Amino acid sequence: MGFGPASSGLGIRVEGTTRNSTLVCVPIMAESIDKMIIDVMKAGENGADIVEIRLDALKIFNPHEDLKTLIKESPVPTLFTYRPKWEGGQYDGDESQRRDVLRLAMKLGADYIDVELQVAQEFIDSIRQEKPNNFKVIVSSHNYKKTPSLEDLGSLVAEIQASGADIVKIATTALDITDVARVFQVLVYSQVPIIGLVMKDRGFISRVLCPKFGGYLTFGTLEEGIVSAPGQPTIKDLLNLYNFRQIGPDTKVFGIVGNPVGDSKLPALFNELFKLIGFNAVYVPFLVDDPSKFLDTYSSVDTGGFSVTTPYKEALFEYCDEVDPVAKAIGAVNYVVRRQTDGKLCGYNTDCFCAISAIEDGLLGSRNDSSKVGSGLAGKLFVVIGAGGAGKALAYGAKEKGARVVIADRTYDRARELADRIGGQAVSLTDLENFHPEDGMILANTTPIGMQPKVNETPISKHALKNYSLVFDAVYTPKMTRLLRDAEESGAAIVPGLEMFIRQAYAQYEGFTGLPAPKERIRKILAGN
């Protein structure tokens, strides 16, 4: 399906463009009325258009008094939900009393109520004579196991509509990121106001991109972790990180493809840069399990390009229509651009140049000598940990600079295969503990060992690091990994992965936008200074 109706090229947003009409709703899940009122006020201050009051979260509830207070105190329109346990909520009491409370909320001035499809028709019939003109009933259906087929989703929307709903709400569960595409299709073709969201991490993009497809609202929480459904972002991230208000039908979609992707700094970087230049695009995390399925599903020219991270640098290389010479030589890509003229995927590999140039600069800095002609890597013994996409890039780059390359991997056969390909030596990762053919070696870790959250892990023990003059770690979260700390304490010069990452961002920005990279700005954002 792609990411919706193809638009005419990568556009610069015109100043003063009206924001999209998709509402941002903050779920209020507090256990007391007093805390709910505080949270409702906070939601208004944070830019919410509407609050969802989850009455089933309350420990003590006096309906008439509490509903009046909440409606009166809320600075924004109110949506009342009293979710029963049988639909994933917390209410476990009498059903007729639950519906009486929702009716009362309507009478006291609520703007919306949410009622479950299972009881919707009966409930809507019961309020038909007294329903205020500006009051809306959201009829919802939640599937906590999967996302049904497109045909079944269409039937579900028709059933909800037939119940008398003013607004249709479907919430499904993503088992794969491609499940989200079916919900996007339902949004695009719906003739009625519709909320379509996909729960859990693999459904995250549904919550950010719904304005592109005409979704009625999305949910953003006040605090991380305090969610009414799995996978909800914070309202702060929605509005500030993803520039949610500016997303529309013609917005291009970029993102990082990998697994995991949750800690990536790239969404914050690219969305800030896109906003800075008025570029009509959004950058999101794509948590992908099957790259082939992902590319087949999101295939329109509205998908402008991807950064590629572990473990898909080699896999996406295979799916590119064209690759640059370096990517071809290495057999891996670290970013892909969809060419606007014909929709072809063009793959690039800047891992090689960005990492090797950072290491060369590190060597220069450690020697305080810039007079040497040629690369400081020439003749050096260069040990690469990892034989995946990034490992291939560094091995290739080091060899091109005249280094003698050794590949170490947990799987010796993988190390041997890469070593044979580039004309190097192979060892197993455990062999590195006693690997000391000479002093002054260079070590480059290209594996995710030591990345958040497993920050205490390291690919090689501290005692083995005394044989190295410089250590590079491709991991950039955290900036100072255990490997780098151990290396520094062992007397080696260190080059953090952040340095490679910053240089990669320059190239990807230019590939995605066609504009020169604002290098100082990128460095400031990523380095945090």
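Is E122 buried or exposed? At 54% relative accessibility E122 counts as exposed, where exposed means over 50% relative accessible area, buried under 20% and partly exposed in between (1.4 Å probe, protein chains only). The model is predicted, so that local features need pLDDT of at least 70 and side-chain atom pairs count only at pLDDT 80 or more, while totals for chains, interfaces and linings use all residues. Residues are numbered from 1 along each chain as its sequence is written, and side-chain values use heavy atoms, with hydrogens and water left out.

**View 1. A salt bridge joins E122 and R99.** The N to O distance is 3.2 Å, a salt bridge being a side-chain nitrogen of Lys or Arg within 4 Å of a carboxyl oxygen of Asp or Glu. E122 lies in helix α4 (residues 117–127) and R99 in helix α3 (residues 95–107), so the pair ties together parts 23 residues apart in sequence; helices are DSSP runs of H or I with at least four residues, numbered from the N terminus. R99 counts as buried at 12% relative accessibility, and both residues belong to a salt-bridge network that also includes R83 and D114.

**View 2. D179 forms a salt bridge with R182.** Their closest N and O atoms are 3.2 Å apart, and the two residues, three apart in helix α6 (residues 179–189), are separated by about one helical turn. D179 is buried, at 8% relative accessibility.
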